[in-house]
Amino acid sequence: MLGYARIARTEFIAAIQRSANAECVAVASREEAKLAEVRAKFPGVTRTFSDYETLLRDPEVDAIYVPLPNSMHQEWTLKAAAHGKPVLCEKPAALNATECR
């Protein structure tokens with residue numbers, strides 16, 4: 001997961017942990033306090049990163065969830081795809097139709 005947004009904290013990680021066929025193992029955040037919180041609250045998240053690129057390069061990460069601010073969706077979705085990772089991006093995928101194309 002790129003970022004530790006509210007929806008990620010309150011819904012997404014818990015839902016993935018209840019899933020029989022998926023697990024949330026890695027979170028990247030630029031704020032150390034958020035990484036400390038995720039480690040304390042979600043013991044199944046065994047990898048935390050202080051930058052997004054390092055998470056994208058991790059070969060143990062199979063897919064990426066992007067709950068970042070809307071202005072960052074396009075950039076990080078494309079970067080994740082360039083690393084060969086399937087991506088689930090919160091809406092909108094980009095800020096306008098041109099960016100989406």
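Student: Which residues touch the most other members in the largest nonpolar core?

Tutor: In this predicted model, they are Leu2, Tyr52, Leu55, Ile64, Leu68 and Trp76, out of 15 residues in that core. The elements giving two or more residues to the core are β1 (26-28), α3 (52-57), β3 (64-66) and α4 (70-82). There's another core apart from this one, with 13 residues, including Met1, Tyr4, Phe42 and Tyr65.

Student: What makes a set of residues a nonpolar core?

Tutor: Members have to be buried residues of the nonpolar kinds, joined through side-chain atoms within 4.5 Å. In soluble globular proteins, nonpolar side chains tend to be buried together.

Student: What does isoleucine 64 contact, leaving aside its neighbours within four places in sequence?

Tutor: Isoleucine 64 is in contact with Leu2, Leu55, Leu56, Ala80, Lys85, Pro86, Val87 and Leu88.

Student: Why is valine 66 called buried?

Tutor: Buried means under 20% relative accessible area. Valine 66 has 0%, so it counts as buried. Valine 66 sits in strand β3. Not counting residues up to four places away in sequence, valine 66 touches Leu2, His73, Thr77, Val87, Leu88, Cys89 and Glu90.

Student: How far is valine 66 from valine 38, in sequence and in space?

Tutor: They are 28 residues apart in sequence, and their C-alpha atoms are 16 Å apart in space.

Student: On to the rings. Why is the pair of phenylalanine 12 and tyrosine 65 called what it is?

Tutor: The protein has two aromatic pairs by the ring rule. For phenylalanine 12 and tyrosine 65, the ring centres are 3.7 Å apart and the planes sit at 15 degrees. Centres have to lie within 6.5 Å, and planes under 30 degrees apart count as stacked, so this pair is stacked. The pair links distant parts of the chain, with phenylalanine 12 in helix α1 (residues 6-18) and tyrosine 65 in strand β3, 53 residues apart. Tyrosine 65 has a relative accessible area of 5%, so it is buried.

Student: And what makes tyrosine 52 and tryptophan 76 stacked or edge-to-face?

Tutor: Look at the angle: the planes are at 80 degrees, with the centres 5.1 Å apart. Planes over 60 degrees apart count as edge-to-face, so that's what this pair is. Tyrosine 52 is in helix α3 and tryptophan 76 in helix α4, so the pair ties together parts 24 residues apart in sequence. Both tyrosine 52 and tryptophan 76 are buried.

Student: How do you know that arginine 39 and glutamate 32 meet in a salt bridge?

Tutor: A side-chain nitrogen of Lys or Arg has to be within 4 Å of a carboxyl oxygen of Asp or Glu. Here the N to O distance is 2.6 Å, so the pair passes the 4 Å cut-off. The count of salt bridges comes to five.

Student: What about aspartate 58 and arginine 47?

Tutor: Their closest N and O atoms are 2.5 Å apart, and they form a salt bridge. Aspartate 58 is in the loop between α3 and β3, while arginine 47 is in strand β2 (residues 47-49), 11 residues away. Aspartate 58 has 7% relative accessibility, so it counts as buried. Arginine 47 has 29%, so it is partly exposed.

Student: What makes glutamate 53 and arginine 57 a salt bridge, and where do they lie?

Tutor: The closest N and O atoms are 3.8 Å apart, and the cut-off is 4 Å, so the pair counts. Both lie in helix α3, four residues apart, which is about one turn of the helix. Arginine 57 is at 51%, so it counts as exposed, whereas glutamate 53 is at 25%, so it counts as partly exposed.

Student: How do you know that the radius of gyration agrees with a compact globule?

Tutor: With 101 residues, a compact globule would have a radius of gyration near 13 Å; the protein has 13 Å, so the two agree. The C-alpha trace spans about 40 × 25 × 25 Å along its principal axes.

Methods
Residues are numbered from 1 along each chain as its sequence is written. This is a predicted model: local features need pLDDT of at least 70, side-chain atom pairs count only at pLDDT 80 or more; totals for chains, interfaces and linings use all residues. Side-chain values use heavy atoms; hydrogens and water are left out. Buried means under 20% relative accessible area, exposed over 50%, partly exposed in between (1.4 Å probe, protein chains only). Contact means heavy atoms within 4.5 Å. The radius of gyration is taken over C-alpha atoms; the globule rule is 2.2 Å times the number of residues to the power 0.38. Rings of Phe, Tyr and Trp (its six-membered ring) pair if their centres lie within 6.5 Å; planes under 30 degrees apart count as stacked, over 60 as edge-to-face and the rest as tilted.
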